Amino acid sequence: MSYVDEVLQNVIEKNPAQPEFHQAVKEVLESLRPVIEEHEEEYRKNALLERITTPERQILFRVPWVDDNGQVHVNNAYRVQFNSAIGPYKGGLRLHPSVNLGIIKFLGFEQIFKNSLTSLPIGGGKGGCDFDPKGKSDREVMAFCQSFMTELCKYIGADTDVPAGDIGTGAREIGYMFGQYKRIKGVYEGVLTGKGLTFGGSLVRTEATGYGLLYITEEMLKANGIDISGKTIAVSGAGNVAIYAIEKAYQLGAKPVTCSDSTGWIYDSEGIDLALLKEIKEVKRQRLTEYVKVRPSAQYHEGKGVWTVKCDVALPCATQNELDLKDAETLVKNGCVAVAEGANMPTTIEATEYLQQNGVLFCPGKAANAGGVATSALEMTQNSERLSWSFEEVDGKLKEIMINIFKNIDAASKKYGMEKNYVAGANIAGFLKVAEAMMAQGVC
């Protein structure tokens, strides 16, 4: 049995009932086969793959908090510090009822390679809790965040582990967590990113993942002789990533025509009304059903269906495994030329392979949605220097990082005889940097 197959088997046996984690590890290791076979004896002797697929530390704890009626609730929280070979752990905190250890491990594992691709000195980690901030008052959210940070603060720090926002964790939640950390630790440091601009946050952080997604998509299309201007784009999701992907798509001359939330999706033949979408989602925090009430050109459909719309480019920006094989077949049939992942692992393995086999350019999330963590790292730099950069300066650095990520994954795919396989290119480019650092640091 090959080294890759041995490790895959061990991961499944040792981490039962964690399908998302199994999927993430399989996708990475399968595409790394040519690299691992070149160094199999050395890697096996040093148990490199066992170490890179096993978190350095897994922290599980309860979070008790009191609601507005005096009722006590208890949630389950996690922080997985996966790999610190190239820098302090870096990765978001997800607040959503679906959160469990397997999902946090899959996200943390992906984060290792995503962070490596940015070329910035940050390791991989992820955290979260099965708490749902939706429908909670500000006081209830604050009570939860303070209790959560009371335990988490024991394990994080500006040079140890720097969490950020994620699904369910926005500026409000980060603010409450930062205040509690400062209160307990008695230090003012860049321990969290995604902070408000008045206390160490960075401009462009809100827009970063969506903007970065479009920067790398534009570069991928350009490298293949395609101009993004004039293209029709299908986008899923209606959170930060989707909203600012839509904004940047317009700025690049493209036409985004869809978005979605947990209950349904919108098709707007005239192009998504960005101001209206922001009003509904960022200000009023309402469902997309409100969009069609004031937009005659739009259609609202319940459930899933974004990928049935004819488009040139598809940008899944919602959640994991939202784009399946049937969706991929529909996209190919409708002439889609490119898919770039704005969310973490939103495309199933079967769908990814089908798209690649049918000539669709495919940029995986660990490259395509790295703009968020890249800008978080830029926030860390600004905190360390006690500086605040302009919007244009941060945006310029973000664009440069995303363009370089594409160039690196493109070069890696060509070097190993898999030209235009950007999934393999991303995994190889991200892995080699981490592997070299781990080997240089000995058995640790």
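**Close-up views of salt bridges and a helix pair**

Asp161 has 0% relative accessibility and therefore counts as buried (under 20% relative accessible area, with exposed over 50% and partly exposed in between; 1.4 Å probe, protein chains only). The model is predicted, with local features requiring pLDDT of at least 70 and side-chain atom pairs pLDDT 80 or more, while totals for chains, interfaces and linings use all residues. Residues are numbered from 1 along each chain as its sequence is written, and side-chain values use heavy atoms, without hydrogens and water.

**View 1. Arg79 and Asp161 form a salt bridge.** The N to O distance is 2.7 Å; a salt bridge requires a side-chain nitrogen of Lys or Arg within 4 Å of a carboxyl oxygen of Asp or Glu. Arg79 lies in strand β2 (residues 72-83) and Asp161 in strand β5 (residues 161-164), 82 residues apart. Strands are DSSP runs (E, at least two residues), as are helices (H or I, at least four), numbered from the N terminus. Arg79, at 0% relative accessibility, is likewise buried.

**View 2. Lys366 and Glu110 are joined by a salt bridge of 3.2 Å, N to O.** This pair connects helix α15 (residues 365-368), which holds Lys366, with helix α6 (residues 101-117), which holds Glu110. Lys366 is buried at 1% relative accessibility, and Glu110 is buried at 3%.

**View 3. Glu151 and Lys154 meet in a salt bridge of 2.8 Å, N to O.** Lys154 is exposed, at 53% relative accessibility.

**View 4. A network of salt bridges links Asp5, Glu30 and Arg33.** The count for the model comes to 24 salt bridges.
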